[in-house]
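Biologist: I would like to go through this model with you and ask what stands behind each label. Please give me the cut-off each time.

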Amino acid sequence: MTSRGPSKRVRKAPAERRHEIVAVAAQVGLVEGLECITLRRVADELGVRPGLVGHYFPAADTLVAEAFTAATMADLDTLLPERPDGPGDDSARAVLRRFFTLMSSTEFDNVSRLWLNARHLSRYRPGLREHVVDQELLWCRRVEKVIITGTESGEFTCADPWAAAVRILVAIDGASAYINTSADRRGAPIAHLARSVAEAELGLRAGALEPPHEPS
């Protein structure tokens, strides 16, 4: 990202401008950390005066909280969409296989860093803490829904989908706790921890949620 000085203000509808501010703040938080979200920084990115951002978000903490939610929602919809788009295998097993494959890739390292960052800051920022809790519940429900679908279709064996979803996400968070200190040494034991937990929780054989091997 590069900073730009204020330019001629473009009048936009309030809802559009507010969405634009949150989107820019979310990108700053995702790439650089939630601490880097300030009214001035977001204004610089948009090429407007800080007062305009302050008009929509008088308190920077409110913008930080909404930026966190926007970023994590966008990633949840990419990782685990409610309604899979396009052709392909949309079985519950395929959905989870894709989820774990994406989660273990470096492409989503910034998502892991964002969650780690938000949980730390939420100790001191009640508004952010509410958003973190809401997102935790939403991610759990999204995973639970896939598990219920797979259990009903006979793909999985699971007596308590909610508890399984919680344990799977705890495993993801546990692996993500090392994202800032051991990214260059991550191997299968860490990268595939959550997938292994999911296979055990869902009565699957080890490796059942691995991505399919390309034919040689």
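This is a predicted model: local features need pLDDT of at least 70, side-chain atom pairs count only at pLDDT 80 or more; totals for chains, interfaces and linings use all residues.

Modeller: Residues are numbered from 1 along each chain as its sequence is written, and side-chain values use heavy atoms, with hydrogens and water left out.

Biologist: How do you know that the span of helix 8 agrees with what it should be?

Modeller: The expected span is 1.5 Å times one less than the number of residues. Helix 8 has 16 residues and should span 22 Å; its end C-alpha atoms are 22 Å apart, so the two agree. Helix 1 (residues 14-32) has 19 residues and reaches 27 Å from its first C-alpha to its last, close to the 27 Å expected. Just after helix 1, Gly33 takes a positive phi of about 115 degrees.

Biologist: Why is Phe68 called buried?

Modeller: Buried means under 20% relative accessible area, exposed means over 50%, and partly exposed is in between (1.4 Å probe, protein chains only). Phe68 has 0% relative accessibility, so Phe68 counts as buried. Trp115, at 8%, therefore counts as buried. Of the 216 residues of the protein, 42% count as buried.

Biologist: Which helices do the buried residues of helix 1 pack against?

Modeller: They pack against helix 2 (39-46), helix 3 (50-56), helix 4 (60-79) and helix 6 (109-121). The buried residues include Arg17, Glu20, Ile21 and Leu30. A contact means heavy atoms within 4.5 Å.

Biologist: How many aromatic pairs are there, and why is the pair of Phe68 and Trp115 called edge-to-face?

Modeller: The structure holds three aromatic pairs. Rings of Phe, Tyr and Trp (its six-membered ring) pair if their centres lie within 6.5 Å; planes under 30 degrees apart count as stacked, over 60 as edge-to-face and the rest as tilted. The rings of Phe68 and Trp115 have their centres 5.2 Å apart and their planes at 85 degrees, so this pair is edge-to-face. Phe68 lies in helix 4 and Trp115 in helix 6, so the pair ties together parts that are 47 residues apart in sequence.

Biologist: What makes Trp115 and Trp139 an edge-to-face pair?

Modeller: Their ring centres are 5.7 Å apart and their planes are at 85 degrees, so Trp115 and Trp139 are edge-to-face. Trp115 lies in helix 6 and Trp139 in helix 7 (residues 126-152), so this pair ties together parts that are 24 residues apart in sequence. Trp115 and Trp139 are both buried. Phe68, Trp115 and Trp139 form one aromatic cluster.

Biologist: What makes Asp77 and Arg142 a salt bridge?

Modeller: A salt bridge is a side-chain nitrogen of Lys or Arg within 4 Å of a carboxyl oxygen of Asp or Glu. The side chains of Asp77 and Arg142 meet at 3.2 Å, N to O, in a salt bridge. Asp77 lies in helix 4 and Arg142 in helix 7, so the pair ties together parts that are 65 residues apart in sequence. Asp77 has 38% relative accessibility and so counts as partly exposed, whereas Arg142, at 7%, is buried. A search of the whole structure finds 11 salt bridges.

Biologist: Which salt bridges does Arg195 form, with Glu199 and with what else?

Modeller: Arg195 meets Glu199 in a salt bridge at 3.7 Å, N to O. Both lie in helix 10 (residues 193-201), four residues apart, about one turn of the helix. Arg195 also forms a salt bridge with Glu210, the closest N and O atoms being 3.4 Å apart. That pair links distant parts of the chain, with Arg195 in helix 10 and Glu210 in the segment after helix 10, 15 residues apart. Arg195 has 10% relative accessibility and therefore counts as buried; Glu210, at 30%, is partly exposed.

Key. Helices (H or I, at least four residues) and strands (E, at least two) are DSSP runs, numbered from the N terminus.
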